[in-house]
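Please read it alongside the sequence and coordinates shown here.

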Amino acid sequence: MSMMKRKAADGDDDALPASNGGENTRASAAAIIDVSGCDLSSGAIDDDDSLLRFFQRHLHLDPDGDGNGSPGRPSLASVENLDVSRCRLGPHGVSNLLSFLSGRSSSSSLVKLSKLRKLTLQRNAIGSIGGRAVGKFLALDNTLAHLEEIDMSLNDIKAGGGEPTAASTIADGLEGNSTLKVLIMDKCALGPEGAAHLAHALAANTTLTTLELAGNMIGPVGGTHLFRALKSNSSLERLGLKMNRIGGGGSGGGSGIEKADVRTLSEALSG
């Protein structure tokens, strides 16, 4: 069985480069836009106009937003990979960005990301508000028909609290989503309760092939929920559970259970 693999930078647990599954080598340079590290805090993208200016400035869009673009410069319509990691977006920044991408804002009618396949939101302090925004974005299943991967690692989605929880909203969005194949949520502070919500989504979702949940303090209870969900899930090929203390595998949490092939686990449970 084909397995997707990810590797953190040597000696740095917090360095979690987003997996690309070969997308970066497949796509043209014009279709891969990396603005990671840009400071988008302090109201930099608080409204539709500032969002549009941001895309025009960093993605070199044609001002008319007609999809033609300038010679040698990509238009928004050509973007397949958008990386806004480490941009200090915060809860409201990521909410505004996702609203723009989903077509719900007034300016987004000018420009379309119809080919977007991968969105990276790593380390943006999005909190629970931003986490719920991601869940609502996932629930808009056909808004971005080609979106296959979201990496939201290194965001504490419990920060700020509130109901419903971010994990439950993300799970609700996943249940009916039919386009996303890869969801990376390493170090998002899910805990056992968050794992239980995702397990419920796995029981219904039929398209997700990779779910990365390293370093989420899931523990044995959360692991049990996830493993039971595999009985009714036929699409998932990889479930990443390193550093979760599921099997009592010592300080590193890398027990045999956490490294096992997800299909093998499912078959063992059904037996």
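## Overall make-up

The model is predicted. Its chain holds nine helices and seven strands. Of the 271 residues, 50% are buried.

When contacts between residues at least 6 apart in sequence are taken, 79% join residues at least 24 apart.

## Nonpolar core

The largest nonpolar core has 60 residues, and the members that touch the most others are Leu101, Ile157, Ile170, Leu183, Met185 and Leu213. Two or more residues come from each of helix 2 (48–58), helix 3, helix 4, helix 5, helix 6 and helix 7.

Leu183 shows what surrounds one of these core members. Beyond its neighbours within four places in sequence, Leu183 is in contact with Ile150, Met152, Ile170, Leu174, Leu208, Thr210, Leu211 and Glu212. Ile170, one of these partners, is itself listed with Leu183 among the core residues that touch the most other members.

## Helix 5 against helix 6

Helix 5 packs on helix 6 at an angle of about 10°, and the two axes are 8 Å apart. The two helices are therefore roughly parallel. On the helix 5 side the contact is made by Ala167, Ser168, Ile170, Ala171, Leu174 and Glu175, and on the helix 6 side by Gly194, His197, Leu198, His200 and Ala201. By type, these residues are six nonpolar, four polar and one charged.

Ile170 and Leu174 of helix 5 take part in this contact, and both also touch Leu183.

## Helix 6 against helix 7

Helix 6 (residues 191–202) also packs on helix 7 (residues 219–229), here at an angle of about 5° and with the axes 8 Å apart. This pair is therefore roughly parallel as well. Pro192, Ala195, Ala196, Ala199 and Leu202 of helix 6 meet Val221, Gly222, His225, Leu226 and Ala229 of helix 7. The contact is made up of eight nonpolar residues, two polar ones and no charged ones.

Within helix 7, the buried residues are Gly219, Gly222, Gly223, Leu226, Phe227 and Ala229. Viewed down the helix axis they fall within an arc of 155°, so they line one face of helix 7. Val221 and Arg228 are exposed on the other side of the helix. Gly222, Leu226 and Ala229 are buried and also belong to the contact with helix 6. Val221 is exposed, yet it too is part of that contact.

Arg86 has phi near 55°, a positive value in a residue other than glycine. Its position is the loop between strand 2 (81–83) and helix 3 (90–102). With a relative accessible area of 43%, Arg86 is partly exposed.

Arg123 likewise has a positive phi, of about 50°, and is not a glycine. This residue sits in the loop between strand 3 (118–120) and helix 4 (127–139). Its relative accessible area of 38% makes Arg123 partly exposed. A cis peptide bond runs from Glu163 to Pro164, with omega near -5°. Pro164 is in the loop between strand 4 (149–151) and helix 5.

## Two serines in loops

Ser36 occupies the loop between strand 1 (32–34) and helix 2. Its relative accessibility is 22%, so Ser36 counts as partly exposed, the cut-off for buried being under 20%. Not counting residues up to four places away in sequence, Ser36 touches Asp83, Ser85, Arg86 and Cys87. Arg86 among these is the residue with phi near 55°. Ser36 and Gln122 lie 86 residues apart in sequence, with 9.0 Å between their C-alpha atoms.

Ser178 belongs to the loop between helix 5 (166–175) and strand 5 (182–184). Ser178 is partly exposed, at a relative accessible area of 41%. Leaving out neighbours within four places in sequence, its contacts are Asp141 and Thr207. The C-alpha atoms of Ser178 and Asn205 are separated by 7.6 Å, while the two residues are 27 apart along the chain.

Key: Residues are numbered from 1 along each chain as its sequence is written. This is a predicted model: local features need pLDDT of at least 70, side-chain atom pairs count only at pLDDT 80 or more; totals for chains, interfaces and linings use all residues. Side-chain values use heavy atoms; hydrogens and water are left out. Axes are lines fitted to C-alpha atoms, for helices over the stretch in contact, and angles run from 0 to 180 degrees between N-to-C directions. Helices (H or I, at least four residues) and strands (E, at least two) are DSSP runs, numbered from the N terminus. Angles under 35 degrees count as roughly parallel, over 145 as roughly antiparallel, 65 to 115 as roughly perpendicular and the rest as oblique. Contact means heavy atoms within 4.5 Å. Ala, Val, Leu, Ile, Met, Phe, Trp, Tyr, Cys and Pro count as nonpolar, Asp, Glu, Lys and Arg as charged, and the others, Gly among them, as polar. Buried means under 20% relative accessible area, exposed over 50%, partly exposed in between (1.4 Å probe, protein chains only). The arc is that of the directions from the helix axis to the C-beta atoms. A nonpolar core is a set of buried Ala, Val, Leu, Ile, Met, Phe, Trp, Tyr and Cys residues joined through side-chain atoms within 4.5 Å.
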